[in-house]
Amino acid sequence: MSQPDAKNDPVQRRLELSSNPVSRLERMMEIRLVEDRIQDLFAQGLVSGTTHTSQGQEAVAIALASATRPTDVVCCTYRGHGVALALGIKPESVLGEVLGRQIGCMGGLGGSMHLSDPDIGLLPTFAIVGAGTPVAVGAALQFATNQTDGVAVSVFGDGATNIGGFHEGLNLAAVWNLPAIFLCENNLYGEYSPIATTTAVTDITKRALAYDMAAETVDGQDVDAVLATIERAVDRARSGAGPTLIEAKTYRYVGHSRSDKATYRPEGELEQWLARDPIELFAAKLVANGELTEEGVQTIRQHQHDLIDVAAQTALASPPGSIPQMFAHVLAP
Amino acid sequence: MNQAITRAIADEMEQDPRVIVFGEDVAVAEGPFKTSEGLLATFGPLRVRDTPISETGFLGAAVGAAMTGLRPVTEIMFIEFMGVAFDQVVTEAALMHYLSGGRFEVPMVIRASVGSGLGFGCQHSQTLERWMLGTPGLKLAVASGARSAYGLTRAAIRDNNPVVILEPRSLYGEREDVDPGEQSIIELGTAEILREGADVTVLTLGQTVRVGLEAAESASWSGEVMDLRSLMPWDKKAVIDSVRRTGHLVIVEENQYTGGWGTEIASHVMAKAFSDLQAPVLRITAPDVPVPYGLALEQRFLPSPEYVTEQVAALLATKTAPEPWWEEFA
């Protein structure tokens with residue numbers, strides 16, 4: 001076994017984001033390219049089953065990872081590739097997990113819906129809608145009990161706000177005044193259904209009123225805006241001022257899952273959102289600020305392409321999960 | 001199979017205006033597994049509704065609607081999602097008739113996709129009959145293809161009790177001839193012999209029906225392959241009669257070894273037909289681990305026809321139950 005490359009360590013990858021806007025752009029491109037590659041792998045028949053990708057929602061994942069520390073805790077959903085990569089899991093570990101290979105972050109036993117790495121505070125991503133919210137409250141309870149300044153974040157979609165566990169979790173966090181952040185990626189659809197057909201309030205932050213909880217709505221395509229919003233919530237949590245509900249208005253360019261062609265979308269809606277692509281918006285901003293040139297953006301883009309090619313090759317070269325692994329972690333020792 | 005399920009629901013909706021359908025994405029999107037194609041167009045939005053992702057809410061609503069005069073047919077997209085709403089199933093729906101001294105009935109159906117083989121990972125690949133087994137007041141059936149899905153679904157909708165129908169999701173696209181109509185309704189609690197044989201009764205359910213049939217086709221032994229079809233109630237007479245003829249019982253289960261549905265059958269057969277058995281009852285199951293994700297491991301997890309063939313041959317040859325493949329890892 002070779003020693004892990006320190007620069008490529010998940011914790012190191014995480015810390016790069018907080019200090020450097022250009023690395024945030026790189027990571028957003030990485031997320032987009034990895035998810036595009038996952039779709040290619042399915043199209044080529046190299047993976048069975050299903051996957052849920054998040055193209056269009058990258059800004060939220062990057063802002064979350066930039067605003068929090070590896071010692072904080074994140075409970076995310078089955079649409080979790082972006083958050084996992086942003087928090088630091090390496091592309092070959094995500095691709096390998098989707099492919100069911102040993103290099104995967106779960107050794108190929110979990111799959112696309114179950115990504116995890118304790119070193120960066122990512123609990124196994126939750127495949128049952130709403131399940132992660134009360135669990136995040138429990139992680140926040142741990143920080144409060146131990147009187148440390150950790151923060152627990154629950155990431156979920158608008159659809160999850162109709163599950164009982166979501167409401168029970170928010171209420172608990174409020175009455176116990178816990179260092180929790182409830183980060184809603186409102187992408188306008190719960191599975192195949194437009195939000196207004198399933199959800200009594202289409203502005204999710206209104207839910208916070210019922211729990212007397214701080215709440216902020218933010219443009220989910222603007223990474224700096226989401227970052228500033230999450231930073232305020234993190235400050236509240238770390239200083240003992242209690243939980244926050246954040247609603248990032250965003251959009252997934254693809255269907256709910258691999259088999260969903262998203263024919264339910266009104267004509268022109270996708271194009272409107274594509275015109276405000278979070279990666280392009282951020283790249284343009286960095287160019288306008290003089291932090292990058294147009295050529296610099298293209299160089300980064302090409303470099304990320306090359307890195308993901310290598311990551312995909314590495315993942316494909318890894319052996320499938322082994323039979324003894326199936327029996328290895330059913331019960332703790 | 002998905003077309004047969006749709007047709008069964010439509011046939012009952014035609015005949016009985018009290019039958020309504022709801023679940024996540026069952027109306028406009030016509031079902032995540034295409035088990036309600038055309039129902040919204042045919043029966044309209046009063047009778048076919050999409051729900052939020054709110055299993056507790058809509059299964060509870062089914063209980064109330066059923067107790068007060070409707071006959072809801074609900075869909076739980078993946079059986080695991082029922083965990084969110086378990087109270088409404090086993091503590092409310094199952095007990096309302098009893099708690100009202102028989103004055104309320106709860107004629108509702110919960111359809112749920114189950115099973116492994118599609119690479120959905122351990123939170124979307126279980127069969128979970130065991131969650132409901134042994135709950136008085138519930139009925140429980142498992143489809144094994146288009147024909148049984150049609151017959152069981154119609155029977156479930158007509159039943160005056162809460163009925164859970166489990167549908168192996170790997171079979172939704174499988175084709176089988178179905179003769180729609182009253183004659184194809186399958187009485188809940190009846191098993192079916194799909195292949196006659198002299199040496200051994202191979203009892204199967206859901207996705208293992210095709211495993212048992214395939215095993216018996218190429219085996220050196222003569223297997224009587226039976227589709228149990230219902231678990232609550234289950235067809236004790238058909239199973240015992242078959243075991244009396246063959247002298248051997250092998251139960252093929254998709255679930256893990258501990259607590260699988262076959263334990264119930266094995267125990268009963270041992271008690272009632274001990275002297276007819278020429279060897280111990282053999283349960284062929286998955287190992288006691290979560291369903292693994294990678295395709296090769298998931299296929300290994302499930303009993304394969306080849307494995308069933310070998311295990312049965314070993315049982316018949318030695319008259320003792322062979323060790324499972326996973327014994328060395330357990």
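In which sense do strand β4 (residues 109-114) of chain B and β6(B) pair, and over how many bridges? The two strands pair in the parallel sense over six bridges, where pairing requires that DSSP finds at least two bridges between two strands. The model is predicted, so local features need pLDDT of at least 70 and side-chain atom pairs count only at pLDDT 80 or more, whereas totals for chains, interfaces and linings use all residues. Residues are numbered from 1 along each chain as its sequence is written, and chains are lettered from A and ligands numbered from 1 in the order in which they are written.

Six of the six residues of β6(B) are buried, a residue being buried if 20 or more other C-beta atoms lie within 10 Å of its own, exposed if 12 or fewer, and partly exposed in between, with C-beta atoms placed from the backbone. In a regular strand the side chains alternate between the two faces of the sheet. Both faces of β6(B) are covered, with B:V163, B:I165 and B:E167 buried on one side and B:V164, B:L166 and B:P168 buried on the other.

Chain B contains 11 helices and 12 strands; helices (H or I, at least four residues) and strands (E, at least two) are DSSP runs, numbered from the N terminus. Its radius of gyration is 20 Å, close to the 20 Å that the globule rule gives for 330 residues, so chain B is as compact as a globular protein of that length. The radius is taken over C-alpha atoms, and the rule is 2.2 Å times the number of residues to the power 0.38. Of the 330 residues of chain B, 57% are buried.

The domain assignment, automatic or from a database, divides chain B into domain 1 (2-184) and domain 2 (192-328). Their centres, taken over C-alpha atoms, are separated by 27 Å. Contacts (C-beta atoms, placed from the backbone, within 7 Å) join 26 residues of domain 1 of chain B to 22 residues of domain 2 of chain B. On the domain 1 side, β5 (139-142), α6 (146-158) and β6 (163-168) of chain B each supply at least two residues, and β5(B) gives the most, with four. The residues of this side comprise 12 nonpolar, 11 polar and three charged. Ala, Val, Leu, Ile, Met, Phe, Trp, Tyr, Cys and Pro count as nonpolar, Asp, Glu, Lys and Arg as charged, and the others, Gly among them, as polar.

Between the chains, 34 residues of chain A are in contact with 28 residues of chain B. The largest share of the chain A side, three residues, comes from α14(A). By class, this side has 16 nonpolar, 17 polar and one charged residues.

The largest nonpolar core has 194 residues, of which A:A63, A:L64, A:A180, A:I181, A:I230, A:I246 and B:V250 touch the most other members. Such a core is a set of buried Ala, Val, Leu, Ile, Met, Phe, Trp, Tyr and Cys residues joined through C-beta atoms within 7 Å. Helix α3 (residues 58-67) of chain A gives the largest share of this core, eight residues. Domain 1 and domain 2 of chain B both give residues to this core, so the core lies between them. Beyond its neighbours within four places in sequence, A:I246 is in contact with residues including A:I181, A:F182, A:E216 and A:I230.

Key: Two residues are in contact if their C-beta atoms, placed from the backbone, lie within 7 Å.
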